[in-house]
Amino acid sequence: MAPAPPSSKDLEGFWGEPTSTLDWCEENYVVSYYIAEFWNTVSNLALILPPLITIASFTKYQQQIETRYYVACILMTIVGIGSWCFHMTLLFEMQMLDELPMIYAACVLIYCIFQTDGKESHSLALAVSLILCAVTVTLVYLTIQDPMFHEVCYGSLVLLIIGRCIYCIRTMEHSRYLCMYGMASIIGAFIIWNIDNICCTQLRSWRDSLPFPLSVLTQGHMWWHIWSGIGVYVNIMYSLHLRSSYLQYSPQIKHVASFPYLSLAGAGTEKTSLDGNENHYH
């Protein structure tokens with residue numbers, strides 16, 4: 001993907017000349033002298049806050065929540081913080097802090113979604129394979145520094161997650177609502193990401209003609225952060241729902257302002273056997 005064309009509205013800011021290999025469609029330092037891309041920066045709250053709140057909610061289910069779900073939430077937060085730093089500074093080092101954790105988080109999400117219905121809670125072969133994948137992508141990307149390589153690798157990992165979700169829909173009893181919610185959010189975010197890249201010149205023209213706050217709605221990369229953040233969060237909930245159902249914790253989907261979260265009816269009780277024959281699905 002080519003970087004966004006330079007904008008006549010770009011200003012000089014606190015962090016100096018950008019050194020990142022990508023510069024997005026939002027004009028630089030227009031809103032704040034200290035933040036290169038203001039809306040692309042603050043929109044990362046959609047990646048930072050939901051997993052932190054989820055980790056806090058896990059405390060009452062300590063025996064029910066497996067470590068990998070904590071790791072998934074922590075990595076999602078790290079991605080959000082890295083992306084915040086990247087868009088705030090447009091420095092290459094901060095770009096790596098954003099993009100490399102995206103690979104690591106995707107690998108953990110793959111591990112979670114593939115380990116939902118087995119009696120063994122861990123797969124050494126899958127874990128080693130994903131670690132080797134993450135290390136290889138890291139070494140190659142730091143060597144060639146080609147953002148297209150990162151995009152292809154990350155996109156391939158996301159397609160693997162979506163493929164597994166489709167398999168789960170076809171073969172398992174579970175909440176199709178969470179699955180479709182998560183996939184629709186991620187696919188929609190990807191479409192917006194491409195529109196923002198391909199139609200940047202037109203979006204900037206509309207942005208100039210619209211009053212604030214309507215002009216903010218044309219910040220496509222901002223919407224990518226919001227909807228991808230929602231999609232990743234819901235995917236974690238979906239994977240946890242599958243696993244909790246297999247472990248017979250009777251997960252129930254609840255909402256706060258249309259935002260889904262899980263309540264485990266079996267919380268605080270002794271773990272049931274992992275025979276997988278009498279699961280409770282909701």
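## Basis of the description

The structure is a predicted model, in which local features are reported at a pLDDT of at least 70 and side-chain atom pairs at pLDDT 80 or more, while totals for chains, interfaces and linings use all residues. Residues are numbered from 1 along each chain as its sequence is written, and side-chain values rest on heavy atoms, with hydrogens and water left out.

## Overall architecture

The secondary structure of the chain consists of 9 helices and 2 strands, where helices (H or I, at least four residues) and strands (E, at least two) are DSSP runs numbered from the N terminus. Along the sequence these elements follow the pattern α-α-α-α-α-α-α-α-α-β-β.

Of the 282 residues in the chain, 51% count as buried; buried means under 20% relative accessible area, exposed means over 50%, and partly exposed lies in between, with a 1.4 Å probe and protein chains only. Among the contacts in the chain with a separation of 6 or more, 68% come from residues 24 or more positions apart, a contact being heavy atoms within 4.5 Å.

## Helix 4 against helix 6

Helix 4 (residues 92-114) and helix 6 pack at an angle of about 20°, and their axes are 10 Å apart. Axes are lines fitted to C-alpha atoms, for helices over the stretch in contact, and angles run from 0 to 180 degrees between N-to-C directions. Helix 4 is therefore roughly parallel to helix 6, since angles under 35 degrees count as roughly parallel, over 145 as roughly antiparallel, 65 to 115 as roughly perpendicular and the rest as oblique. The crossing of helix 4 past helix 6 is left-handed, a term used if the near helix is turned anticlockwise from the far one by less than a right angle, with right-handed used if it is turned clockwise.

On the helix 4 side the contact is made by E99, M102, I103, A106, C107, L109, I110, I113 and F114, and on the helix 6 side by H150, C153, Y154, L157, L160, I161, R164 and C165. By class, this contact has 14 nonpolar, 1 polar and 2 charged residues, where Ala, Val, Leu, Ile, Met, Phe, Trp, Tyr, Cys and Pro count as nonpolar, Asp, Glu, Lys and Arg as charged, and the others, Gly among them, as polar.

## Helix 9 and its two partners

The axes of helix 4 and helix 9 come within 9 Å and cross at roughly 30°, so these two helices are roughly parallel to each other, and helix 4 passes helix 9 in a left-handed crossing. In this pairing L109, C112 and I113 of helix 4 meet V232, N235, I236, Y238, S239 and L242 of helix 9, and the contact has 7 nonpolar, 2 polar and no charged residues.

Helix 6 (residues 147-171) and helix 9 (residues 220-246) pack at an angle of about 40°, with their axes 12 Å apart, and are therefore oblique to each other. Their crossing is left-handed. I161, C165, C168 and I169 of helix 6 make the contact with N235, Y238 and L242 of helix 9, and these residues divide into 6 nonpolar, 1 polar and no charged.

## Individual helix residues

L100 is placed in helix 4 and counts as buried, because its relative accessibility is 9%. Not counting residues up to four places away in sequence, L100 touches T138, Y141 and L142; the C-alpha atoms of L100 and Y141, which are 41 residues apart along the chain, are separated by 8.7 Å. I53, by contrast, is placed in helix 2 (residues 45-57) and counts as exposed at 59% relative accessibility. The C-alpha atoms of I53 and C73, 20 residues apart along the chain, are separated by 9.4 Å.

## Backbone features outside the helices

A cis peptide bond, with omega about 10°, joins F212 and P213, and P213 lies in the loop between helix 8 (200-209) and helix 9.

Q145, although not a glycine, has a positive phi of about 50°; Q145 lies in the loop between helix 5 (124-144) and helix 6 and counts as partly exposed at 37% relative accessibility. Q248, also a residue other than glycine, has a positive phi near 65°. Q248 is placed in the loop between helix 9 and strand 1 (251-256) and counts as buried at 14% relative accessibility.
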